[in-house]
Amino acid sequence: TPRSTLSPYTPLFRSEATRAMTTVQILIYLRELGASVSEVGFFFAVSMILPLVLRILGGWFSDRIGRMRAMWYGSLAGSLAFIPFALAQRWEITLLGPAFLAIATALINPSYRAHIADHIPEDARGRVFSVAQLFTNIAWIIAPPLGGFLAQAYGSQWMFLAATALYAAAALIFLVMIRNNNSPMQPTQETPLSLWSSMRQVVPLAISGGLLTWILVSDGIKD
């Protein structure tokens with residue numbers, strides 16, 4: 001039912017809120033750690049590239065281990081993402097954060113969408129997707145001012161520790177939901193060979209993506 005499918009949204013709202021709460025503050029924090037403008041640009045380039053690299057792999061893992069377990073593993077990775085920020089004395093250490101966040105995004109985002117597609121009838125699927133996106137947008141509206149308040153009132157390190165706690169709470173909720181799910185995990189035919197086969201299908205599609213796509217890609221690489 002739509003209610004049972006939206007039930008994972010409480011931890012998902014927390015995970016989206018942590019990203020929204022910290023995204024704006026990371027730029028300021030990197031400058032406080034002594035990063036130059038070009039080094040800040042490099043940081044955000046890495047932050048954009050890693051999710052693209054891991055997205056297909058995350059979707060494959062979701063097919064292999066199940067949607068809820070993939071979201072749980074993703075929230076565990078997200079729990080580790082902000083610890084390098086909280087403990088960093090140099091900006092280079094913070095590069096570990098985007099790596100863990102990329103893992104979290106690659107596992108959580110496709111898994112939740114697939115979870116909706118797996119459980120919601122087609123005639124109600126669009127409405128459920130729209131409600132889920134609505135709450136995601138609300139998280140991105142509410143959380144940035146909260147992050148700014150925490151950083152200004154208590155310091156950036158405490159803001160990142162708060163983000164870690166929120167992601168850890170999401171991981172705990174996912175774990176409880178997995179244990180309360182009495183239905184056995186469906187067997188899967190996904191193997192490393194199937195991953196390789198999927199990659200062979202996706203790469204030609206990406207190469208033939210069109211002129212505008214490659215203009216954007218080449219311009220992003222140059223930046």
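The axes of H4 and helix H8 (residues 156–180) come within 8 Å of each other and cross at roughly 160°, where axes are lines fitted to C-alpha atoms, for helices over the stretch in contact, and angles run from 0 to 180 degrees between N-to-C directions. H4 and H8 are therefore roughly antiparallel to each other, given that angles over 145 degrees count as roughly antiparallel, under 35 as roughly parallel, 65 to 115 as roughly perpendicular and the rest as oblique. The crossing of H4 and H8 is left-handed, a term that applies if the near helix is turned anticlockwise from the far one by less than a right angle, with right-handed used if it is turned clockwise. On the H4 side the contact (heavy atoms within 4.5 Å) is made by Met68, Arg69, Met71, Trp72, Ser75, Leu76, Gly78 and Ser79, and on the H8 side by Thr164, Tyr167, Ala168, Ala170, Ala171, Phe174, Leu175, Met177 and Ile178. By class, the contact of H4 with H8 has 12 nonpolar, four polar and one charged residues, where Ala, Val, Leu, Ile, Met, Phe, Trp, Tyr, Cys and Pro count as nonpolar, Asp, Glu, Lys and Arg as charged, and the others, Gly among them, as polar.

This is a predicted model, in which local features need pLDDT of at least 70 and side-chain atom pairs count only at pLDDT 80 or more, while totals for chains, interfaces and linings use all residues. Residues are numbered from 1 along each chain as its sequence is written, and side-chain values use heavy atoms, with hydrogens and water left out.

The protein chain has 10 helices and zero strands, both being DSSP runs numbered from the N terminus (helices H or I, at least four residues; strands E, at least two). Among the contacts in the protein chain with a separation of 6 or more, 82% come from residues 24 or more positions apart. The accessible surface of the protein chain is about 13000 Å², and 67% of that surface belongs to carbon and sulfur atoms, with areas from the Shrake-Rupley method.

H4 (residues 67–81) also packs against helix H3 (residues 37–65), their axes coming within 7 Å and crossing at roughly 130°. That angle makes H3 oblique to H4, and the crossing of the two is right-handed. Here Ser62, Asp63 and Ile65 in H3 meet Arg67, Arg69, Ala70 and Tyr73 in H4, a contact with three nonpolar, one polar and three charged residues.

Helix H3 also holds proline 51, which is buried, with a relative accessible area of 16%. Leaving aside neighbours within four places in sequence, proline 51 is in contact with Val46 and Ala102. Proline 51 and phenylalanine 100 are 49 residues apart in sequence, and their C-alpha atoms are 9.8 Å apart in space.

A further pair is formed by helix H6 (residues 96–119) and helix H7 (residues 122–154), whose axes come within 10 Å and cross at roughly 150°. H6 is thus roughly antiparallel to H7, and H6 passes H7 in a right-handed crossing. Tyr112, Arg113, Ile116 and Ala117 in H6 meet Arg125, Val128, Phe129, Ala132 and Gln133 in H7, so that by class this contact has six nonpolar, one polar and two charged residues.

How values were computed: Areas by Shrake-Rupley, 256 points an atom, 1.4 Å probe, with all protein chains shown as cover. Buried < 20%, exposed > 50% of the residue type's maximum accessible area, 1.4 Å probe, protein only.
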